[in-house]
Every structure is written in C-alpha cells, then in structure tokens.
Amino acid sequence: MAFPYMEAVVGFMILMYIFETYLDLRQHAALKRPTLPKTLKGVISQEKFEKSRAYSLDKSYFNFVHEFVTILLDSAILFYGILPLFWKKSGCFLVLVGLNEENEIFHTLAFLAGVMIWSQITDLPFSLYSTFVIEARHGFNKQTTWMFFRDLFKGICLAILLGPPIVSAIILIVQVCSSANVDKVASELQYLTAICLQQKGGPYLAIYLWAFMFVLSLVMMTLYPVLIAPLFNKFTPLPEGELREKIEKLASFLHFPLKKLFVVDGSTRSSHSNAYMYGFFKNKRIVLYDTLIQQHEETSLCCRGKGSGVTLSNLLECKNDEEIVAVIAHELGHWKLNHTMYSFIAVQILTFLQFGGYTLVRNSTDLFRSFGFDTQPVLIGLIIFQHSVIPLQHLVSFGLNLVSRAFEFQADAFAKKLGYGSALRAGLVKLQEENLSSMNTDPWYSAYHYSHPPLVERLAAIGEPDKKAD
C-alpha cells in the first residue's frame, strides 16, 4: 500500500495551524496588557502606547480570520483534488483555443494563469480590508483606490511578462536532462547541447537548476531597483545638505562604495518608514523613505515658519540628523559584518538542497498519485515537493530567524561602537512609536516569528555595555 503523502501533508498543515494559533493567542494576550514593559516606561509615551496597542490588536483579530480562511482553503484544495482538477481544466482550455495540451510548457502556463486568477480573487478582499480599513483607521494608508488597483495591475503585468520565460526555462532544463525527452526538446534546443545535457544532466540536474536560479537572482537584484521599483515609487537624489554630508562621511569612513543616495516617496502609499541599501561590488546605493525623514523632525520652531506646505527641503532642515545616520550605521553594519553575503549564501544553499530533494522524488509515481495526478509535470512535481517538506521548511525558517536576530544585535553593536549608541536608541524608539509597532510581545511568539528582536531586547543590548562600564 502506497504511503498517504497528501493526507500526511494536510495533517501536518493542520497541526502547524493549531500550534501557530496557540502562539497567536499568546501574543494576543500580551497585546491586551494595559501597561508598557518596564524597560519602555518613560521612553514611550502613553499616547503612543495606546495607539500601538489598538493597532496591534486590530491586526491580531484580522490575522485570526485570515489564517483560518487560508488553512481552510489550502486544506480543501489538497484534500478534494482541486490542483489536479485545475490541471485537467487548463488542458481543456488549451484544446479550446487550438493549442496542444501535450505541450508541457503551454499546459503549465495555462495552469499557472488559473492559479493566479484564483489567488487574486481569494486574496483581494483581505488586501482591501487590511489597506483601506485597518491601515486607514490608524492613519497609515495613503493610497487611493485607483493607486491600489493600478499597483495590482502592474504586478500582474510583471508576473505575465517575467513568469513564462522563467517557468519555461525550468521545464526545459528538466526535460533536456531526462533521457526520455531528448527527442522531444531537440527541436527547441540545439541537438548537440541536448545530447551533452542528457549524458551528464541526470545526476547534475539539481546543479543546473540551481545555477539557473543563481544567475536569475543576480539579474533580478540588478534590474529590480533600476527597472521594476521605479514603476511603483519615485526615487529622487537626496538633496545636498548636512544629512547627505554625514551619510557620505560615514560611508567613506567605513570604505562603503556609496554611488547614489536616494529618497523614495513611500508616503504616497503608507506612513510606515524604513531605509535600505542594495547593489553589487563597487556600486552600492542607499535609499531613505521620505517618511523616515518626516518622523525624525525636531520639535523646535524650525518647521513652523515654513508655511502650510512642507517640502522635502524643509524637512531636511528640521530633522534629527544623528538618529537617521545611526539607522544608516546599523544598515552599514550588516554590510561591514558580511551579513548580507552570509544570508545570500544561505539562500543559495537552501535553493540547491531543495532542487536536490526534488530530483530524488520527481519520478515517484506514488507521490504524484497521492495528490491526484496521473502524469508527472515538472512544475507540479516542484509544488508537491514543497508541500511534502513543509516540516523541514518550518524548522529552517525558525533557524534563519534566530540567525537574523543575532545579526540585528551585531549590527546594533556595530553602530554603537561607531559612537551612535544614544542616537540609535532614540532612532529605534522613534521608529517603534511612529510605526505603532507592538510594545508588548510574547517571548514564544517573537522567538518563532520575528526576524528582528523586540525593541525591549534591542534597547537592553545597546545599554548593557554602558552599564558594565558604569
């Protein structure tokens, strides 16, 4: 008797839902606490705490509903054979439009189109409610309905533009590396290449797939900030001034190859703030959200004499430069300590292991039949394999969160060694206040879910060396 893979996967999904719901309940109880943690008393204002508490509870209630609907739909899709039904219907659609349903690439793309439509339909109500009810209620949403659907349309267009070539390439690599498919794909690739891959491709299929994804990731990391991100946001150079000088001086001191310094108009969509850096080798760029600049204004009369209109230039004259530079010092700490490189390497290793695992089960008839498939399409095999290793994925995700939290502590310590301890502390508090992040967190919940340590832990770590020195 064949092993019931599908039933085991659905069973584990439900068990994980129960476990994560338990953690959510613990976090929800923590969010209901009416007082600040001792560490934050006198640091966070009571007004900000009440706003943060209300915002976090609203998101928590929303999360309970969203997660319940998600596990219900995901379990039903697997248990009632919706995926194989989608696959069969996509084949019928190809016949209807005069295409060959035996062509795996066409069949897969039609299947993915149906899945994307289904995903958009089921996700849209939650996205709308989150954006226009929860975020708007707490003063974060700045999007109009037109902007929301315009961004949605752009995202779908990008998926249609980029998805088919990537999916087709993956299918061709697997087909070419399978001896039974050389004649089938020889007309699509040069025959000599097909023969070479047939002779060496079987045992090295995982390497070929990983190499393709590696190159693709490099290309996307290069093109995204230049071609894709500007489709959604406007990037303008940070104007000359004291802030720019301080950031450039810091980058020069650390030998960070800063080429461009941008401000992104995040305020057109949300009041949440952030800062990040990107780029390869000697071509690094730093991006500041305009909301980050706005949230670090000083409370002096500097901006009050500027009139009713507040421009970027006015804001640059009024903010607390040291807090922003401290946040940048933290981000540069990730670069200086090679955290970005370590994370990239870890992702590549995991990608290779996933493809390696896929190559071991891609010919398992029992696995495909357990999920309701009579054939063994490449993409379906990848999807089934991803579902089958969900237990390992949760363990890996937990481990990566632990490493990420350690990196955050190290980056904080790096900024402190540069002399930005007090400014970083003030900057983190300001970000916590303005983003209305959770002040009270359950230790089990944060350990399992958070890639960044809670503010209480970060402030304690930043202040610990000072206490020892005292």
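## Ground rules

Residues are numbered from 1 along each chain as its sequence is written, and side-chain values use heavy atoms, with hydrogens and water left out. Because this is a predicted model, local features need pLDDT of at least 70 and side-chain atom pairs count only at pLDDT 80 or more, while totals for chains, interfaces and linings use all residues.

Tyr 204, Ile 207, Met 341, Tyr 342, Ile 345, Ile 349, Phe 352 and Leu 353 make a nonpolar surface patch of about 770 Å². Helix H7 (191-228) and helix H12 (339-361) are the elements that give it two or more residues, and H12 gives the most, with six. Helices (H or I, at least four residues) and strands (E, at least two) are DSSP runs, numbered from the N terminus.

Patch residues have over 30% relative accessible area and no salt bridge, and nonpolar side chains (Val, Leu, Ile, Met, Phe, Trp, Tyr) are joined within 5 Å, like charges within 9 Å. A salt bridge is a side-chain nitrogen of Lys or Arg within 4 Å of a carboxyl oxygen of Asp or Glu. Areas come from the Shrake-Rupley method with a 1.4 Å probe, and for residues only the protein chains shown count as cover.

Met 341 lies in H12. Met 341 counts as partly exposed because its relative accessible area is 47%; buried means under 20%, exposed over 50%, and partly exposed in between (1.4 Å probe, protein chains only).

## Annotated spans

An unreviewed UniProt entry places "transmembrane region" at residues 6-23, 61-87, 107-134, 155-174, 207-227 and 340-358. Such annotations may be inferred rather than shown by experiment; feature names are shortened and positions follow the numbering used here.

In the model, residues 6-23 are 100% helix and 0% strand, with end C-alpha atoms 26 Å apart. Residues 155-174 are also 100% helix and 0% strand, and their end C-alpha atoms are 28 Å apart.

## Leu 23, a buried residue

Leu 23 sits in helix H1 (residues 5-31) and is buried because its relative accessibility is 1%. Beyond neighbours within four places in sequence, Leu 23 contacts Trp 444, Tyr 445 and Tyr 448 (heavy atoms within 4.5 Å). Leu 23 and Ser 446 are 423 residues apart in sequence, yet 9.1 Å apart C-alpha to C-alpha.

## Strand E2 and its partners

Strand E2 (residues 258-264) has five of its seven residues buried. E2 pairs with strand E1 (residues 235-237) in the antiparallel sense over three bridges, and runs parallel to strand E4 (residues 284-289), joined by six bridges. Pairing requires at least two DSSP bridges between the strands. Val 263 of E2 stands opposite Thr 236, and its bridge partner in E4 is Leu 288.
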